[in-house]
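Have the sequence and the model open as you read.

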Amino acid sequence: MKYLKTLLASALALAVSAPVAMAEWQPRKPVEFIIMAGTGGGADQIARLLQGLIEQKGLSSRPFIPINKPGGSGAEALRYMQDKAGDDHTVMMTLNSFYTTPIIQEDLGVDVTQFTPIGLMAMDTFLLWVHTDREDITDLDSYVAAVKGAGLDWKVGGTGSGQEDSVLTAMMEAAFDYEVTYIPFPGGGTVAKNLIGKQIDSTVNNPSEQLAFYEAGDSKPLVQFTGERMAAFPDVPTARELGVDIEYYMQRSVNGPPGMSAEAVEFYTDLFQTLFDSAEWQEFCVSDGLTCDGMLKGGDLASFHASQVEAHKKLIAQVGAGAITGE
Amino acid sequence: MLDIATLLGAGLLQAFEPLNLMMIFVGCLAGLFIGAMPGLGSVNGVAILLPVTFLVPPTAAIIFLAALYYGAMYGGAVSSITLGIPGASTAVATVFDGRPMAQQGKADQALTAAAVASFIGGTISVVLFTLFAPPLAVFALKFGPQEEFALMVLAFATFIGLGGDDIPKTIFSILLGLVMAAVGFDIISGQPRMIFFDFVELQRGIGFLVLAIGIYGIGEMLWTLENTKGEVRIHAVSSTWKSFKKNLSHVREYLPTTALGSALGFFVGTLPAAGATPASLMSYGLTKTFAKDPDSFGKGNVSGVAAPEAANNAASTGSMLPMITLGIPGSPTTAILLGGMIIWGLRPGPLLFTDRPDFVWGLIGSMYVANFVTVALNLALIPIFVRVLAMPFTILTPIIFILCFVGVFATTDRMFDVWLMLLLGLGGYLMRKLNYPVAPAVLAIVLGPLAERSLRQSLISSRGDVMTFFERPISLTCMLLALALMIYPIWLNVRRRRAGATSGTE
């Protein structure tokens, strides 16, 4: 009975969407869904959820194939997209390294403001995590004391030099006047695993990356770097509440390569708008501490990107590119 | 113990539900063909077939995808043996001895060995999975960068013995592979490096399949053409019930190898960083090093087919462990499985075992059943697979050339890689001509990036102190084993030479 219902529902969904979709541009071959980060991380989880929803809802006549290109803090993915200019069958799930990597690596020859904006799916958040066994660390003050005590023996795990978590780590180093050893891993999931295995001492993972371990009681959040406390973490103070001026978010937007055709842009924008409005996506946003108030797209998203690039240029100049790349 | 038996019983019952059983069967069959097609890897296969899974409940869905993954793991062996092209990185080591066996007219024996070894590997590892999943998950967490690097050193050490007598040439080949592995972006700073002749395309690195298909597809073909002047007939194999029984009776010869490869494969597979490719390569290397007749490897030794096949199937089961318990997929294919799980509302992590025992144990139960289905299907299909070899050389060779082109283009979608493959194939042919072993170079391009990353992570965290590898018990053990493995073949060589000198056989 249950299968029958699912079958009927999917048939119905097809019947409703098909006639409308027929008239418009449709992909003619599988769409490469590039992820500029490693497997198991926040961007990866989101892209794979979206891919599944696309298939489940029959939104595309051709499948979306997720491909991870984490090399060089996303440089590999950015370069790949640049080389795909004018291609209508490649889209990319981005994170803040979309802004930071081209700033830090000037030789890359990539200008992200030339990319085709499609839709901003969510703003992700950061928390500061330590292992539950660190009983000496209960709040930000005891954390800072522990880091200062350990000096360079304090190991912070992250997803790569120039990635957003290294920016945030550099911001914290500047704010608290300490120095740590930053170790890059290939993805947020691996970072989380290494915190639980005590290979590193702390990390600034996104909620989705730590949630499974947090629920199992293996890790604990100390601070959230948001404007207000998230519904998912009502007892964790924000940095602002503690008098530390750090507020930092991660954008999770989908973009195409430069020069994508207008028809294709329309198709992808509609597709991601449908996904954004779906109950499944909105539920995921709540459970994983994402902010999803409305999807930015087109010109709005382009100017958002432009302002973020400027903001990150300032940020990097402030903390110094060396602090981020660890040189 | 009793708990496990009850849970497993329930899981097995679940696997035998008609819908689930059908999913296993269809999954294995589809996987077999997807794996056997060079260029159409299990990643694309699983991604394309993902929609099928939305019509059935989550447990049936993951059973289907896992069966597909299983089938593909064996399918890779089929193209490795019959065509000499590894369809996926996991099947590279199978080429080493599988291809020579096919050329000697023993393709059916090689395929039987692959099927049986895969079955044993899969079964041993699923038993280990059943009994020790939670403690192994804890052990996997102990694996930091230092341990990962020590494991990679161990993998390289097993290959020192692979080059036969010529250890300097083996080391040269490994270094060549490492240089190719370094092309692309620096993994720590993200700066482009080793971009030869400023080809922008090289920023994406040299793909493993580009090298493997180049060396084994193109290089091997050129070598065969030169040696035989095009007059070879690859022996057609007659596959009868009698020969089948005879092939099965050979199982005893490679049983110890298979058991060892299975345990090794499972263990390496459970480590999030490694996966099936290093597992199969290490298994091959170890088997050769400790064989009574190491010289017969690479020339069609059936143990050389059984060892990597047992290990890669065992590892594919093993890699489910970090995915389920830690949410970290060990391979691109398990990453797609992970995506599926998120859609079905299952969050992989330490709690999945307790929150959704029906799902986890249903999956484990299905692995037992999938093993039986795969081995039955494979053995039944061998007569069809060996037909490929009945084709005259003049027809088969052009087909292999075309498959090489298509396989490379399909995976990377750029002509640059096709030209690169041709160039590397030519290089591989020259290396073969000059008597350099090529397998270590292939190993190095697979393991190089993993080794480099863990080495640099370790050294950052110890602030440049190399003693860090010898201060941690697990990494120290791996390092000492590696040292022993490196010295062993050298010592054997010296002893053999001395024995030769005293008996005066000059």
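This is a predicted model: local features need pLDDT of at least 70, side-chain atom pairs count only at pLDDT 80 or more; totals for chains, interfaces and linings use all residues.

Residues are numbered from 1 along each chain as its sequence is written, while chains are lettered from A and ligands numbered from 1 in the order in which they are written.

**The contact**

Chain A puts 50 residues into the contact, and chain B puts in 44 residues. Two residues are in contact if their C-beta atoms, placed from the backbone, lie within 7 Å. On the side of chain B that touches chain A, the elements giving two or more residues include helix 3 (42–49), helix 6 (107–142) and helix 15 (332–343) of chain B. Helices (H or I, at least four residues) and strands (E, at least two) are DSSP runs, numbered from the N terminus. Helix 15 of chain B gives the most, with 6 residues.

Most residues other than glycine have a negative phi. B:Met194 has a positive one, and so does B:Arg463.

| Residue | Phi | C-beta atoms within 10 Å |
|---|---|---|
| B:Met194 | near 50° | 16 other C-beta atoms |
| B:Arg463 | about 55° | 10 C-beta neighbours |

Where is B:Met194 found? B:Met194 is in the loop between strand 2 (192–193) and helix 9 (208–228) of chain B. B:Arg463 is in the loop between helix 20 and helix 21 (468–471) of chain B. B:Met194 is partly exposed, and B:Arg463 is exposed. A residue is buried if 20 or more other C-beta atoms lie within 10 Å of its own, exposed if 12 or fewer, and partly exposed in between, with C-beta atoms placed from the backbone.
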